[in-house]
Amino acid sequence: MRIFSGIQPTGRKHLGNYIGAIRQYVEGQGRGEAIYCVVDLHAITVAYDPRALPGHVLDTTAMLLAAGLDPARCILFRQSDVREHPELAWLLGAVTAHGDLNRMHQFRDKSARQRELISAGLFFYPVLQAADVLAYRADEVPVGDDQRQHVELMRDIALRFNERFGETLVVPHHRIPEVGARIMDLQAPDQKMSTTAASEQGTLYVIDDQRTIAKKVRSAVTDSGSEVRRAPDKPGISNLIEVLSVIRGVAPEAVEGEFDGHGYGAFKQAVADEVTGLLAPVRERYLELRPDERAIERVLEAGAERARAIASETVAEVRSAMGVGAGL
Ligand code: ATP
Ligand code: MG
């Protein structure tokens, strides 16, 4: 069983990434052949600072290592080090429906937020993402709920490719956690917590310290009531209930029962304590690992070499199936 997922090096990663994705990456190392990629080629599709990008790749890599990824038990690499990704993306573009790309929610959301250029890269992003996964013939893709549509699309691309050019690619499945797959912004609980659309106060970063976490949770937007229960008109409280239940590994009903009649103050305090307990060890380890940039680079280089060995084989077969390149 092969597992593949990618994560963007766009600034600081947050509680949503940690719960929705990173925890699953760590767990995947024990379940199959796990391959993880820091996707710098995806990060360039929106406004970004080229001088900061290499450092952000190191930040994200250090964060993944701090969370428990072990280069002896997984392949961890930087997307742009494996040129097969953009090559395969172009080839797969030939079996991707323009109309499907037009329907992608992420493109709509992110293009609406761009102040200057809406890049063609942002539109083509899901095809590169399909190439990331399909290059490794992965069976399973651990992601948060927001990536459901993109995984559907890569399945369609693989199926269409196999139909047109013969059985070559593996059709992957998503693995989306049942609870915690969509952690919402604390200040805007109708939007997912995000790396790029971040409201600083609404986003709990993995490297936030205890005081910062407590402050952000205390000022999380809630309704004017005092009942700790989930309801469509209580998105802020519902989100915090979900956070607490997923960290404690208990049902949301158990959280509602425990805080019944206690009001928002005590409840928020408990959420802040649990989030701190979850993230503090990762933060500490991150602060230890991050300064040794050479060591992080060595991990990425070794990972890229192993990744290339797999991806180059797939791309060679794809090229040959498509009749691209010398036919001999
Ligand atoms: P952006 O909003 O710019 O796309 P991001 O926060 O989604 O950034 P990514 O690197 O694109 O960060 O996502 C990494 C993983 O984290 C993906 O699997 C994604 O589904 C998951 N994820 C992102 N946000 C959340 C969230 N709020 N709750 C749960 N999982 C999330
Ligand atoms: Mg994202």
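Modeller: Y136 counts as buried, at 0% relative accessibility; buried means under 20% relative accessible area, exposed over 50% and partly exposed in between, for a 1.4 Å probe and protein chains only. This is a predicted model, in which local features need pLDDT of at least 70, side-chain atom pairs count only at pLDDT 80 or more, and totals for chains, interfaces and linings use all residues. Residues are numbered from 1 along each chain as its sequence is written, chains are lettered from A and ligands numbered from 1 in the order in which they are written, and side-chain values use heavy atoms, with hydrogens and water left out.

Colleague: How many aromatic pairs does the structure hold?

Modeller: Rings of Phe, Tyr and Trp (its six-membered ring) pair if their centres lie within 6.5 Å; planes under 30 degrees apart count as stacked, over 60 as edge-to-face and the rest as tilted. The structure holds seven aromatic pairs. In one of them, the ring centres of F77 and Y136 are 5.9 Å apart and the planes lie at 55°, so the pair is tilted.

Colleague: Which parts of the chain does this pair link?

Modeller: F77 belongs to strand 3 (residues 74-78), whereas Y136 is in the loop between helix 7 (120-134) and strand 4 (140-142); the two residues are 59 residues apart, and the pair links distant parts of the chain. Helices (H or I, at least four residues) and strands (E, at least two) are DSSP runs, numbered from the N terminus. F77 is buried too, with a relative accessible area of 0%. Ring pairs also join F4 with F77 and Y136 in a cluster.

Colleague: What geometry do F107 and F123 show?

Modeller: F107 and F123 form an edge-to-face pair, 5.1 Å centre to centre with 80° between the planes. F107 lies in helix 6 (residues 105-113) and F123 in helix 7, so the pair ties together parts 16 residues apart in sequence. F107 is buried, at 17% relative accessible area, and F123 is buried with a value of 17%.

Colleague: At what angle do the axes of helix 10 and helix 12 cross?

Modeller: The axes of helix 10 (residues 235-248) and helix 12 (residues 263-289) come within 10 Å and cross at roughly 45°. That makes helix 10 oblique to helix 12. Axes are lines fitted to C-alpha atoms, for helices over the stretch in contact, with angles from 0 to 180 degrees between N-to-C directions; under 35 degrees counts as roughly parallel, over 145 as roughly antiparallel, 65 to 115 as roughly perpendicular and the rest as oblique.

Colleague: Which residues make the contact?

Modeller: Among them are I237, L240 and L244 of helix 10 and F267, V271 and L278 of helix 12, contact meaning heavy atoms within 4.5 Å.

Colleague: Is D100 buried or exposed?

Modeller: D100, in helix 5 (residues 98-102), counts as buried at 14% relative accessibility. Leaving aside neighbours within four places in sequence, D100 is in contact with L153, D156 and R160. By contrast, A120 in helix 7 is exposed, with a relative accessible area of 62%.

Colleague: What is the phi of R137?

Modeller: Most residues other than glycine have a negative phi. R137, in the loop between helix 7 and strand 4, has a positive phi near 50°.
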